[in-house]
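Subject: Structure handover and notes

Hello,

Please find the structure below, handed over for your own reading. My notes come after it.

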Amino acid sequence: YKDSSTVFDDFLTCLDYFGGKDFSLLQGITTHMTASVLLGARGVTPALAAIFPSIFVKLYAACERQDMDAVVVLNPIMRRAQELLGMSKNPTAVLKYAASLQLRSNTKVISPQESLSKEEEVLIKKKFDEVAELVSGI
């Protein structure tokens with residue numbers, strides 16, 4: 001079961017209920033990833049994993065190992081990456097633009113979704129480069 005409700009207390013209730021049972025609970029809210037996996041979630045569905053896979057793989061593994069030294073380093077980078085999605089009214093357009101910066105996609109979004117403005121692209125590129133530099137250092 002994937003929970004994307006944003007109500008973290010409800011997610012914790014599910015973890016308590018399903019703990020020890022043959023049932024997998026996934027966290028659908030990226031910023032809840034770290035706490036969720038540390039507390040027993042069996043997976044996450046981060047939208048930016050295709051853009052910055054190493055940060056999500058390393059953070060998930062650190063959480064699974066309960067390696068708090070690594071978690072303290074990696075979690076802020078994940079949260080910084082997540083800021084990209086809030087830089088436009090259309091997170092899909094942000095993801096497509098970020099993928100295009102890696103030469104893996106075009107930026108076209110399907111109507112009626114809004115495309116990014118040139119101003120948004122400049123700000124997103126700046127944030128993308130900032131996060132890419134942080135990720136390259138891990």
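The notes cover cysteines, salt bridges, aromatic rings and one asparagine, in that order.

This is a predicted model, in which local features need pLDDT of at least 70 and side-chain atom pairs count only at pLDDT 80 or more, while totals for chains, interfaces and linings use all residues. Residues are numbered from 1 along each chain as its sequence is written, and side-chain values use heavy atoms, with hydrogens and water left out.

Cysteines

A disulfide is a pair of cysteine sulfur atoms within 2.5 Å. Searching the whole structure for them gives zero. Cys14 is in no disulfide, and the nearest cysteine sulfur to it, that of Cys63, is 19 Å away. Cys63 is likewise in no disulfide, its nearest cysteine sulfur being that of Cys14 at 19 Å.

I also note how far each residue is covered. Buried means under 20% relative accessible area, exposed means over 50%, and partly exposed is in between (1.4 Å probe, protein chains only). Cys63 has 0% relative accessibility, so this residue counts as buried. Cys14 has 21% and therefore counts as partly exposed.

Salt bridges

Side chains of opposite charge can pair when their charged atoms come close. A salt bridge is counted here if a side-chain nitrogen of Lys or Arg is within 4 Å of a carboxyl oxygen of Asp or Glu. The search of the whole structure finds seven salt bridges. Three of the pairs are described here, and they involve helix H6 (residues 118-136). Helices (H or I, at least four residues) and strands (E, at least two) are DSSP runs, numbered from the N terminus.

Lys118 is exposed, with a relative accessible area of 62%, whereas Glu121 is buried, with 16%.

Another pair in helix H6 is Lys125 with Asp129, which are four residues apart, again about one turn of the helix. Their side chains meet in a salt bridge with an N to O distance of 2.7 Å. Lys125 counts as partly exposed at 32% relative accessibility, and Asp129 is partly exposed at 33%.

Glu130 and Lys127 also meet through their side chains in a salt bridge, at 3.6 Å from N to O. They are three residues apart in helix H6, so about one helical turn separates them. Glu130 is partly exposed, with a relative accessible area of 29%, but Lys127 is buried, with 14%.

What are Glu130 and Lys127 linked to in a network of salt bridges? The network takes in Arg80 and Glu83 together with Lys127 and Glu130.

Aromatic rings

Rings of Phe, Tyr and Trp (its six-membered ring) pair if their centres lie within 6.5 Å; planes under 30 degrees apart count as stacked, over 60 as edge-to-face and the rest as tilted. The structure holds four aromatic pairs.

In one of them, the rings of Phe8 and Phe11 have their centres 6.1 Å apart and their planes at 20°, so the pair is stacked. Both residues belong to helix H1 (residues 8-18), and because they are three residues apart there, about one helical turn separates them. Phe8 is partly exposed, with a relative accessible area of 23%, while Phe11 is buried, with 1%.

Another pair is Tyr17 with Phe18: the ring centres are 4.8 Å apart and the planes are at 90°, so the pair is edge-to-face. Tyr17 counts as exposed at 54% relative accessibility, and Phe18 is partly exposed at 22%. These two and Phe23 form one aromatic cluster.

Which residue lies over the face of Tyr17? Lys21 does, at 4.4 Å from the ring centre. A charge sits over a ring if NZ of Lys or CZ of Arg is within 6 Å of the ring centre and within 35 degrees of the ring normal.

One asparagine

Asn75 is placed in helix H4 (residues 68-82). Its relative accessibility is 19%, so Asn75 counts as buried. Not counting residues up to four places away in sequence, Asn75 touches Thr34 and Leu59, where contact means heavy atoms within 4.5 Å.

Regards
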